[in-house]
Amino acid sequence: MNQGMLLSGAVTAIFGVIFLLMGFLPLGILILVGLMIFLLGIGAPPSEPVKPEDPAKKFCWYCMEEIDKEEKTCPYCGLDQVEEGSKRD
Ligand SMILES: [Zn+2]
């Protein structure tokens with residue numbers, strides 16, 4: 001189920017109803033189009049969720065995986081991370 005398609009289908013159908021009520025009879029086709037998008041949305045796979053940018057995360061220097069900012073070693077590739085600050089003992 002694809003929420004985006006369900007939503008746009010519903011909106012399209014609603015606009016079709018509004019146009020019909022306003023007297024634009026040919027635009028009543030939007031109701032059918034909207035219903036089709038809605039039905040397709042039920043069968044369609046969900047859209048990719050958008051990943052929020054986490055300020056507590058950073059990208060691994062080597063494999064570019066998102067890891068914890070405090071992580072000294074990447075849990076994905078096991079390589080030591082380059083410290084962004086100065087390298088004093
Ligand atoms: Zn890595």
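Which pattern does the chain follow, read along the sequence? The order is α-α-β-β.

**View 1. Overall chain of the predicted model.** The chain has 2 helices and 2 strands; helices (H or I, at least four residues) and strands (E, at least two) are DSSP runs numbered from the N terminus. Residues are numbered from 1 along each chain as its sequence is written. In this predicted model, local features need pLDDT of at least 70 and side-chain atom pairs count only at pLDDT 80 or more, while totals for chains, interfaces and linings use all residues. Of the 89 residues, 7% count as buried (20 or more other C-beta atoms within 10 Å of the residue's own; exposed, 12 or fewer; partly exposed in between; C-beta atoms placed from the backbone).

**View 2. Helix H1 and the residue just after it.** H1 covers residues 3-22, and its end C-alpha atoms lie 28 Å apart. Just after H1, Gly-23 has a positive phi of about 105°.

**View 3. Pro-26 in the loop between H1 and helix H2 (29-43).** Pro-26 is exposed, because 8 other C-beta atoms lie within 10 Å. Its C-alpha is 9.3 Å from that of Gly-16, a residue 10 positions away in sequence.

**View 4. Met-64 in the loop between strands S1 (57-59) and S2 (66-68).** Met-64, a residue other than glycine, has a positive phi near 65°. Most residues other than glycine have a negative phi. Met-64 is exposed, with 11 other C-beta atoms within 10 Å.

Technical notes: Expected span 1.5 Å × (residues − 1).
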